[in-house]
Amino acid sequence: MTQECALTTITTRPACVALGDGRLLRCKEVLKQMAANAKKLCKRKNPGQKRAKEAKKKAKVQIGSIVESDIRCSSQEQQKDVSVFTVNAESNHCAITHKQLCELINHAVLGKVRSPPPSWCHIHRQEELKGVAVIVLHGVSQMHFYRYYLQFKQLRKKFRFRFSMPPPPDDFLLRIFGAETLPTQDKSPTVNGTSVLNGHCLMTENDSGEQLKLDNHPIVIKYGRKKQGLTNYLLSIHDLTMNDYPIAGTLGSIGFVQSGCTAKVTDSSPLLGLDCEMCLTLQGTELTRVSIVNAEGHCMMDELVKPDSLILDYRTRFSGITPMMLFPVTTKLRDVQARLKKILPKDAVLVGHSLNNDLKALKMIHPNIIDTSLLFFKGLHQKLKLKVLVKSVLGREIQSEKLVGHDASEDAKAALDLAQYFIDQGPMQVAKLNLENVKDKPPVGQNFARLSEGKNQANMVSGHLKANCKGVDDRPCFQCGSLLKELCMGDRKAVALGTEKAMKELIHQEAWRKIECGTDKEVVLKAQAEIPVASLSLSHFTSYSEYIECNLHTKIHEGLLHEKMKQKLSEMCTVYAGPFSKDFCLKSVERKFQECGSITSISVMTETHKPYVCIEYELPESAQLAVLTLNGSILEGFLITVQRPIKESTLDCDIVLRKLEQDITSQAVIYVSGIQQTLTKEDLSEKFSKFGRVEAVICLGDKVGAKPEDCFIKYGSLESALEAQAAMNGQEVRKQRLNVLRALTPYHLQTWASQRSYTAVGPKTSDALPLDRRSFERRKEKLSQCEGELQNVMRTIDRRVGRLFKNLTNNIFCMVLLPGTNSAQCSTPGLCLLEIKQNP
């Protein structure tokens with residue numbers, strides 16, 4: 001009975017319950033078969049795991065070389081004598097400013113003791129770096145890189161990090177290396193024979209030799225000789241970006257409030273001085289006081305503000321704010337924002353000294369700015385303090401040492417008076433103030449312990465030392481930025497190589513050991529010997545800029561090249577779908593195609609026998625998904641075909657897409673569409689992190705407050721990306737089906753995708769050639785004839801850069817800069833490629 005009871009308990013078949021030897025034998029056979037089936041069932045994996053396993057195997061077979069590269073890179077990170085460059089997770093993985101690049105170069109050359117590490121990236125084991133090699137491809141932009149993507153074989157394979165840069169200013173190299181030109185050293189201006197204003201010696205137009213000529217003064221070069229209205233001194237969008245101002249749509253401005261000042265600014269618009277005081281809290285720097293002063297000197301607003309977080313340091317000696325002052329205060333940041341939106345005129349121009357910090361504390365975005373620290377600039381990255389500037393220009397004292405902290409309303413009024421002085425007197429009068437020789441002295445009795453707050457060691461040294469980069473043959477002396485000054489004092493080499501023209505355009509010449517070369521080929525040959533023994537090297541490649549100088553049609557109509565690029569990108573993002581019936585529902589078709597990604601435009605084509613739909617997506621990935629998933633599907637009762645446009649310019653589209661997919665910057669990135677609107681970037685990061693370390697979740701444009709409809713997820717390894725693609729493609733998340741694809745778009749996808757929005761300006765009005773349709777077509781034809789030559793030029797540049805990189809020694813930080821273009825014909829952003837050389 002015990003055996004029978006056991007059988008009854010285990011099996012569920014009624015035929016096996018009865019007694020008897022024959023039936024008992026049958027029951028044993030059934031149990032044996034069930035055990036075997038259960039064993040097979042336990043070994044079976046769910047479909048997602050099975051697909052992930054197959055994806056891993058496929059990755060090892062098909063992309064073995066890339067996986068080996070990943071393994072090599074990860075093993076290098078574990079070595080103690082290898083430097084590794086990484087981007088911080090919370091930073092922008094797509095773009096950097098010239099200021100950020102300058103910070104990176106300073107830190108890479110000087111180290112963290114003399115130059116603090118940048119906040120957006122990290123160099124692991126920086127002390128192992130043997131030098132920094134900067135290569136500048138003059139005249140080449142981000143547009144050129146992707147227009148001739150197939151020709152840049154070496155650049156796209158050897159450099160894992162790629163960042164978009166803003167269009168270059170006239171002082172591009174000046175911003176990168178942070179230097180300024182000064183009059184001859186130790187030649188102080190005398191009172192005799194010169195004008196004096198507020199106790200400060202003025203430069204005159206009759207002075208020569210020992211003093212800078214007014215026409216060559218940076219302020220006159222920037223603003224001209226004549227007096228102008230206030231609109232000419234407003235910061236442009238480029239200036240706002242370069243100086244870290246909050247701008248709508250950027251990552252750093254998420255949650256910021258618009259000031260609402262949208263009216264057109266004129267020369268009679270109101271000027272308002274603004275200054276804020278801040279304290280240190282658990283959340284960082286937060287607002288404690290805000291003051292606004294109008295042009296008549298009346299205080300329109302002076303409010304104390306209580307931070308939301310716990311205050312760690314009131315910074316009383318700077319702000320003047322004490323715990324007793326804030327104790328009864330109930331005003332919060334949102335109250336100040338609301339009041340500011342009410343009292344600011346619609347065309348208000350805010351004036352302040354380094355106003356970007358004040359706007360960040362206010363968490364507000366304002367488009368019309370005059371920054372006195374940039375208006376009265378002493379030199380690149382060398383701004384005068386407000387107190388020193390007011391004393392030198394206006395001849396009055398502010399921020400008295402007898403008072404505890406600064407008076408925000410006094411500082412706001414001082415900045416406003418400085419701006420009005422500049423507008424009233426004009427750039428020529430300001431240039432005569434000779435502000436280059438003003439010394440920004442620290443307070444009396446301030447010791448090194450107090451100096452260390454907010455200043456690194458390099459800045460402390462720079463504040464007490466004069467430039468000692470002496471020229472030869474009694475040529476003028478040039479004061480360098482902190483980087484080149486440190487190299488000079490430490491007897492370390494900074495070498496520059498390039499043609500004679502490139503050397504002449506090089507600012508702060510005396511800080512460099514210049515090597516003039518006849519061609520780019522000669523630059524490569526000499527650089528191979530010079531770079532390994534230099535702490536910093538600058539190699540100029542001028543093949544392309546020389547080519548367009550000799551080719552009038554290419555130079556004048558480079559804008560047509562940009563139009564071609566925009567057209568090609570648009571075609572890569574476009575698909576045609578159909579045929580449909582004449583009474584089909586366009587809305588339902590749009591909803592279906594939106595599952596593949598964000599749609600820019602959708603239109604019906606009625607010229608065909610049956611209607612077709614043209615869908616243009618924001619990204620090439622969306623169009624690729626539509627072709628792969630919707631071609632041959634049933635929609636609106638019709639079997640539809642989904643295909644790309646077939647034109648002469650799209651014949652190599654598949655080749656370009658395959659190369660983009662294999663791009664080193666996209667190999668560990670996947671594209672995800674069909675995201676439920678309730679999912680945030682944090683939710684996505686959490687869901688996809690189970691397949692490996694997620695370095696970043698990047699949404700197109702990263703619009704403020706917008707929920708992602710599609711995004712890119714960057715993993716730390718290719719294997720994790722492939723596993724996530726296999727497991728998550730087709731999965732439902734909150735009743736929404738996800739589509740997952742290998743990324744085709746590089747990291748800086750915002751700029752790459754928005755390339756279509758760039759407008760190329762036509763030729764200058766001084767161009768005497770006619771602009772009729774026939775002439776336009778003739779020029780377009782000549783540009784097409786130059787296409788083969790341009791491809792050869794880019795291929796040659798790429799080969800030479802690749803040869804130079806190959807011959808670098810290990811642990812040299814190599815930066816290839818495509819500065820971009822900023823001319824009357826067109827303006828496009830640049831591109832920065834970074835890599836630390838390591839032999840395989």
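What pLDDT does the protein chain average? The answer is 76, with 70% of the residues scoring at least 70; pLDDT is the predictor's confidence in each residue, from 0 to 100.

## Ground rules

This is a predicted model, so local features need pLDDT of at least 70 and side-chain atom pairs count only at pLDDT 80 or more, while totals for chains, interfaces and linings use all residues. Residues are numbered from 1 along each chain as its sequence is written, and side-chain values use heavy atoms, with hydrogens and water left out.

## Where confidence sits

Helices (H or I, at least four residues) and strands (E, at least two) are DSSP runs, numbered from the N terminus.

The pLDDT is below 50 over residues 59–78, a stretch with 20 contacts beyond near neighbours in sequence. Residues 442–480 also fall below 50, and that stretch has 65 such contacts. Contact means heavy atoms within 4.5 Å. Where pLDDT is low, the predicted coordinates should not be read in detail.

## H23 against H34

Helix H23 (residues 520–530) packs with helix H34 (residues 787–806) at about 5°, axes 10 Å apart. That makes the pair roughly parallel (angles under 35 degrees). H23 brings Asp520, Lys521, Val524, Ala527 and Gln528 to the contact, and H34 brings Arg800, Arg803 and Leu804.

## One face of H29

Cys653, Val656, Leu657 and Leu660 of helix H29 (residues 653–661) are buried (under 20% relative accessible area, 1.4 Å probe, protein chains only). Down the H29 axis, these buried residues fall within an arc of 100°, so they line one face of the helix.

How values were computed. Axes fitted to C-alpha atoms, helices over the stretch in contact; angles between N-to-C directions. Parallel < 35°, antiparallel > 145°, perpendicular 65-115°, else oblique. Buried < 20%, exposed > 50% of the residue type's maximum accessible area, 1.4 Å probe, protein only. Arc of directions from axis to C-beta.
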